[in-house]
Amino acid sequence: METISCIVPHDAGFSIPDKVNRETRPEGTRVNIMGVEVGGTEVVVIAGPCAVENAEQLAETSHAVKESGARILRGGAFKPRTSPYKFQGLGEEGLKMLKQISRATGLPVVTEVMDTRQVELVAGYADMLQIGSRNMQNYPLLKEVGMMRKPVLLKRGMMATIEEFLLAAEYILNQGNDQVILCERGIRTFETATRNTLDLSAVPLLKHYSHLPVIVDPSHGTGLRWMVPAMAKAAVACGADGLIMEVHYNPEKALCDGHQSLSPDEFNLLMRDLDKITSAVGRSLSVS
Ligand code: PEP
Ligand code: MN
């Protein structure tokens with residue numbers, strides 16, 4: 001009897017946009033943030049508070065994360081808060097504090113830009129521009145950061161499909177900026193036990209179809225401090241090029257997202273575990 005070979009088409013079910021498509025750059029893209037490379041064999045950890053609150057909070061937290069091995073500092077100055085009555089961030093004052101602590105620690109800084117009118121301002125202080133989940137489909141903003149010559153951290157929209165996520169990145173590359181890092185930060189599902197459902201399957205998917213580096217945010221992905229270490233380790237095990245995590249020197253007192261922020265001690269312990277996970281998967285933890 002004749003055997004019929006059945007070739008299962010390896011197909012994403014949608015077409016991968018040109019500029020982000022791995023076929024256009026099979027070796028992968030490395031994004032360089034002031035000398036820190038994301039997308040190579042080293043796994044890069046970005047850490048810091050959800051929001052910049054004051055000079056003491058920022059300094060204590062920044063020095064602690066640096067000592068534990070973080071390579072890039074995170075901290076929001078313009079915060080996209082669900083409630084207009086909650087702390088909205090320190091704005092430009094917060095950006096100035098970030099710049100100052102960046103000089104003191106040597107850590108490059110990533111911070112969110114929410115509005116096309118703020119891009120120049122934020123780019124004047126930050127080393128990498130963050131586009132938050134809520135703005136992943138803000139096309140004028142994507143075009144604006146695409147015109148900057150600064151790396152961009154693009155977070156997945158909370159209801160975005162992989163196709164929509166890649167198309168959002170394509171908007172940035174279309175403007176000539178290929179220094180884009182994709183960040184899986186959890187999506188909305190029927191599940192309410194966690195803040196979001198961290199879609200770790202997005203990591204191998206995105207890396208398969210696109211040449212852009214992929215990192216994971218287990219803080220917003222779970223919303224629960226005690227779950228962050230487990231999901232951070234899982235993210236590295238499944239191929240993430242880095243992590244972005246919230247750390248606060250006193251999580252109980254945080255003005256924003258304290259319940260999902262690690263203490264400096266918890267962060268330190270996690271970094272030791274990540275060192276082991278990275279070597280188990282043939283990579284290494286980036287250290288300064
Ligand atoms: C953040 O990282 O500060 C943030 C607000 O995250 P997201 O846009 O993923 O909600
Ligand atoms: Mn936060």
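1. How far is an oxygen atom of ligand 1 from an N or O atom in the side chain of R185? The separation is 2.7 Å, inside the cut-off for a polar contact (a pair of N or O atoms within 3.5 Å). The protein covers 97% of the 300 Å² of accessible area that ligand 1 has on its own (Shrake-Rupley method, 1.4 Å probe).

2. On sources: this is a predicted model, in which local features need pLDDT of at least 70 and side-chain atom pairs pLDDT 80 or more, while totals for chains, interfaces and linings use all residues. Residues are numbered from 1 along each chain, chains are lettered from A and ligands numbered from 1 in the order written, and side-chain values use heavy atoms, without hydrogens and water.

3. Two further oxygen contacts of ligand 1 involve S133, through a backbone N or O atom at 2.8 Å, and K155, through a polar side-chain atom at 2.8 Å.

4. The residues around ligand 1 (a heavy atom within 4 Å) include R74, K79, E112, R134 and H220. By class, this shell has one nonpolar, four polar and six charged residues; Asp, Glu, Lys and Arg count as charged, and Gly is among the polar ones.

5. R74 also forms a salt bridge with E246, at 3.5 Å from N to O (the rule is a side-chain nitrogen of Lys or Arg within 4 Å of a carboxyl oxygen of Asp or Glu). R74 lies in strand β4 (residues 72–74) and E246 in strand β10 (residues 242–246), so the pair ties together parts 172 residues apart in sequence; strands are DSSP runs (E, at least two residues) numbered from the N terminus. The count by this rule is 13 salt bridges.

Conventions: Polar contact = N/O pair within 3.5 Å; in protein donor to acceptor, adjacent residues only side chain to side chain. Helix = DSSP H or I, 4+ residues; strand = E, 2+ residues; numbered from the N terminus.
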